[in-house]
Amino acid sequence: KRACVRRATRNDLGISLGVGFLIGAGPLSSPNLGLSLLLGTIAAGLTLAWRLSYMPARKADTPARWSVPTILWPLLALYAIAAWPTLQFMYREWTGSVWHNTHGMLMPVLMVLLGRNILRRMPPRPPESSAWGFLFLVPGLLLMAMDAGASTRFLSSLGFAITLPGLSLLILGVHRTRALALPLTLGLFMVPLPPALASEIYLRRITASGAGAMLNAIGLPTYVDYSSLELPDSSFLVADECSGFSTLYSSIAMAVLLAGLCRSRARQITIYASILPLALVANVVRVFVLVLIFLYIDEGVLDTSMHSASGVLTFFVVVFCFVLMADRPSLSRALL
């Protein structure tokens with residue numbers, strides 16, 4: 001039954017702003033700042049309207065109270081200064097191309113939503129802090145310092161992810177950090193992977209073989225030459241961007257989230273076992289469909305935004321399949 005329109009809560013506003021940011025700042029948005037802001041604003045407005053119209057009001061959870069020890073404020077300030085170049089790099093990698101690390105923008109939003117709801121549901125505890133946090137903080141900062149000379153930024157991104165559990169232990173203590181294990185694990189998937197890694201795994205060849213088999217099955221004679229599809233009048237190359245590597249990496253991140261929220265071990269095993277087959281099949285079907293569109297509808301499809309958008313669509317198809325297998329009540333309670 002449709003719920004009556006209700007007043008917006010801070011949770012509604014936070015989720016709506018998060019969606020607006022992802023749409024406005026994402027790699028699929030326009031490079032024009034004004035248009036990006038407009039798209040983000042529209043997305044945030046629609047999300048807020050949907051939540052107010054269709055999401056029932058919830059009884060507020062009792063927030064867990066804690067305070068940051070005064071001695072840690074200078075440490076946090078120094079940490080923010082040290083991490084700023086790394087954060088800038090990560091943002092550029094997340095928004096530079098739909099073919100690599102696009103899911104990285106989604107990870108901080110999911111971490112904040114999930115972590116906030118976990119802390120709100122915890123019973124009140126006295127403020128605490130654990131020095132065990134330095135076991136994570138020091139190695140992470142060392143990686144960031146080492147990368148200052150190497151200038152790869154990928155190493156410093158890994159260091160940044162490692163420091164997050166350390167900061168949590170120092171600020172929130174052991175009990176709260178243990179409860180935040182899942183969102184802190186998602187922090188690892190914020191780390192951009194070098195594009196060269198995608199060309200060193202054999203996803204291109206697997207994708208080409210699968211698409212070639214499907215084309216042969218419908219009567220289009222296709223010869224597969226490593227990662228090339230040779231048809232009588234056309235030739236298609238499955239490049240690194242079309243290998244499905246980005247979909248696979250993104251799918252692993254979402255599988256960790258959804259499986260971590262499952263209360264059933266069987267559901268968890270099913271989701272983890274489905275990662276590779278779903279990512280591969282979805283990408284093979286995507287290449288197969290693009291070839292058919294090229295042959296029968298539009299020969300310029302590979303030079304249009306449809307080409308890149310199909311990669312994003314593939315990711316959402318895989319995520320939709322994961323959601324069907326997931327513990328949806330637990331997912332809704334954790335994020336919404």
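This is a predicted model: local features need pLDDT of at least 70, side-chain atom pairs count only at pLDDT 80 or more; totals for chains, interfaces and linings use all residues.
Numbering runs from 1 along each chain as its sequence is written, and side-chain values use heavy atoms, with hydrogens and water left out.

**Largest pocket**
- The largest pocket holds about 1400 Å³ of space (a volume being the space filled by probe spheres set on grid points joined across faces, edges and corners).
- A pocket here is an open set of points on a 1 Å grid over the protein atoms alone where a 1.4 Å probe fits, with protein on both sides within 12 Å along at least five of seven lines; lining residues have an atom within 4 Å of a point.
- Its lining has 42 residues, and Leu22, Leu106, Met254, Phe315 and Phe316 lie nearest the centre.
- That lining splits into 27 nonpolar, twelve polar and three charged residues (Ala, Val, Leu, Ile, Met, Phe, Trp, Tyr, Cys and Pro count as nonpolar, Asp, Glu, Lys and Arg as charged, the others, Gly among them, as polar).

**Second largest pocket**
- The second largest pocket comes in at about 610 Å³.
- It is lined by 22 residues, with Pro108, Met111, Val112, Phe160 and Leu164 closest to its centre.
- Its lining has 19 nonpolar residues, three polar and no charged.

**Ser168**
- Ser168 is buried, at 7% relative accessible area (buried means under 20%, with a 1.4 Å probe and protein chains only).
- Beyond neighbours within four places in sequence, Ser168 contacts Gly173, Thr177, Leu180 and Leu184 (heavy atoms within 4.5 Å).

How values were computed
Buried means under 20% relative accessible area, exposed over 50%, partly exposed in between (1.4 Å probe, protein chains only).
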